[in-house]
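Subject: Handing over the structure

Hello,

Here is the structure I promised to pass on to you. Please have a look at it first, and then read on for my notes.

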Amino acid sequence: MTSSELWTRATADRYDAEEAGASSAAVLGPTLAFLAELAGDGRALEFAIGTGRVGVPLRERGVPVAGIELSEHMAAVLRRKIDEDTLPVVVGDMATTFVPGGFTLVYLVYNTITNLLTQHEQVECFRNAARHLEPGGRFVIELGVPPLRLLPPGQVAVPFDVSQRHLGFDTFDLVEQMLVSHHFTCDGDDGRYRRDHSRHRYAWPAELDLMARIAGLELERRVADWDGTPFTQDSAKHVSVWRKPA
């Protein structure tokens, strides 16, 4: 077991509703096109597949997909959408769990590598991806750039969503390279808010490149989003592709 926090049944049951915007065709379309092109005629493996927000529609596009998921509750929600023979999922952690068979693509989206709370575990995640990849295969990560430029001296919190029914902000421990995401969500019409939080270890693009090198992978491409926008110093996130040498 890694240091990742486990998603509970309650969180898993409401996950799809809370992430409905991220599951729209407008958002998912570029993601699926990007991943399908890299997978080619081979198989794809999604680390931390969750409820199948990406994996299920990618399978429906004709890409054979398998998944690894730490939370049995998240995997159970996915299983309501698609059967095991069509999209097999192994319950385990993405740093050490092995799925038989070679893959042309391993991918990890939506900042999920930060669920691994130590640098060692993140390095092992890269090594595990390399272990699954066929020669010439790719490992893809979608990850936000830590917004530390938004922190004035003495401030430790950065808001990422201030809307009518949700307040979200991150607090940072700059020494340990950790952040905590705080969520205050209005669930009903009585004005009451539910409070949730999750811990994450943030990492810089250059740090990920070093992890990839340790795992024997080479940086092939880095863009700012799934549409291929050039990555710059002002980009809020990146989609990075590392290749296993043939």
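**Salt bridges**

Arg-14, Arg-194 and Asp-196 are joined to one another in a network of salt bridges, a salt bridge being a side-chain nitrogen of Lys or Arg within 4 Å of a carboxyl oxygen of Asp or Glu. Before going further, please keep in mind that this is a predicted model, in which local features need pLDDT of at least 70 and side-chain atom pairs count only at pLDDT 80 or more, while totals for chains, interfaces and linings use all residues. Residues are numbered from 1 along each chain as its sequence is written, and side-chain values use heavy atoms, with hydrogens and water left out.

By the salt-bridge rule, the count comes to 10. Here are some pairs to look up.

One of them is Glu-84 with Arg-79, where the closest N and O atoms are 2.6 Å apart. For accessibility, buried means under 20% relative accessible area, exposed means over 50%, and partly exposed lies in between (1.4 Å probe, protein chains only). Glu-84 is partly exposed at 37%, and Arg-79 is partly exposed at 26%.

Another pair is Arg-138 and Glu-220, with 3.0 Å between the closest N and O atoms. This pair links distant parts of the chain, since Arg-138 sits in strand S5 and Glu-220 in strand S10, 82 residues apart. The strands and helices I mention are DSSP runs, numbered from the N terminus (helices are H or I with at least four residues, strands are E with at least two). Arg-138 has a relative accessibility of 22% and counts as partly exposed; Glu-220 is partly exposed as well, at 39%.

Glu-142 and Lys-237 also meet through their side chains in a salt bridge (2.6 Å, N to O). Because Glu-142 belongs to strand S5 and Lys-237 to strand S11, the pair ties together parts that are 95 residues apart in sequence. Is Glu-142 buried or exposed? At 8% relative accessibility, Glu-142 counts as buried, whereas Lys-237 is partly exposed at 26%.

**The two sheets**

Strands of a sheet pair through backbone hydrogen bonds, either parallel or antiparallel. Two strands are taken as paired if DSSP finds at least two bridges between them.

An open sheet of seven strands runs in the order S3-S2-S1-S4-S5-S11-S10, and its pairing is mixed. Strand S3 (89-91) and strand S10 (218-223) are the edge strands, each pairing on one side only. From one strand to the next, the twist averages 20°; axes here are lines fitted to C-alpha atoms, for helices over the stretch in contact, and angles run from 0 to 180 degrees between N-to-C directions.

Strand S2 (residues 65-69) and S3 run parallel and are joined by three bridges. Ile-68 has Val-90 in S3 as its bridge partner. Helix H4 (residues 72-79) packs on this sheet and touches S2 and S3, its direction making about 160° with that of S3; contact means heavy atoms within 4.5 Å. Helix H5 (residues 119-132) packs on the sheet too, touching strand S1 (44-47), strand S4 (103-108), strand S5 (133-144) and strand S11 (237-243), and its direction makes about 145° with that of S5.

Four strands form another open sheet, in the order S6-S7-S8-S9, with antiparallel pairing. Strand S6 (157-162) and strand S9 (193-201) stand at its edges with a single partner strand each, so one side of each has no neighbour in the sheet. Strand S7 (residues 166-173) and strand S8 (residues 178-186) pair over eight antiparallel bridges. Asp-173 has Met-178 in S8 as its bridge partner.

**A loop residue and the cysteines**

Where is Asp-225 found? Asp-225 is in the loop between S10 and S11. Leaving aside residues up to four places away in sequence, Asp-225 touches Lys-237 and Val-239. The side chains of Asp-225 and Thr-229 are joined by a polar contact of 2.8 Å (a pair of N or O atoms within 3.5 Å; within protein, one must be able to donate a hydrogen and the other to accept it, and residues adjacent in sequence count only if both atoms are side-chain atoms).

Finally, a search of the whole structure finds zero disulfides, a disulfide being a pair of cysteine sulfur atoms within 2.5 Å. Cys-125 is buried at 0% relative accessibility, and Cys-186 is buried at 11%.
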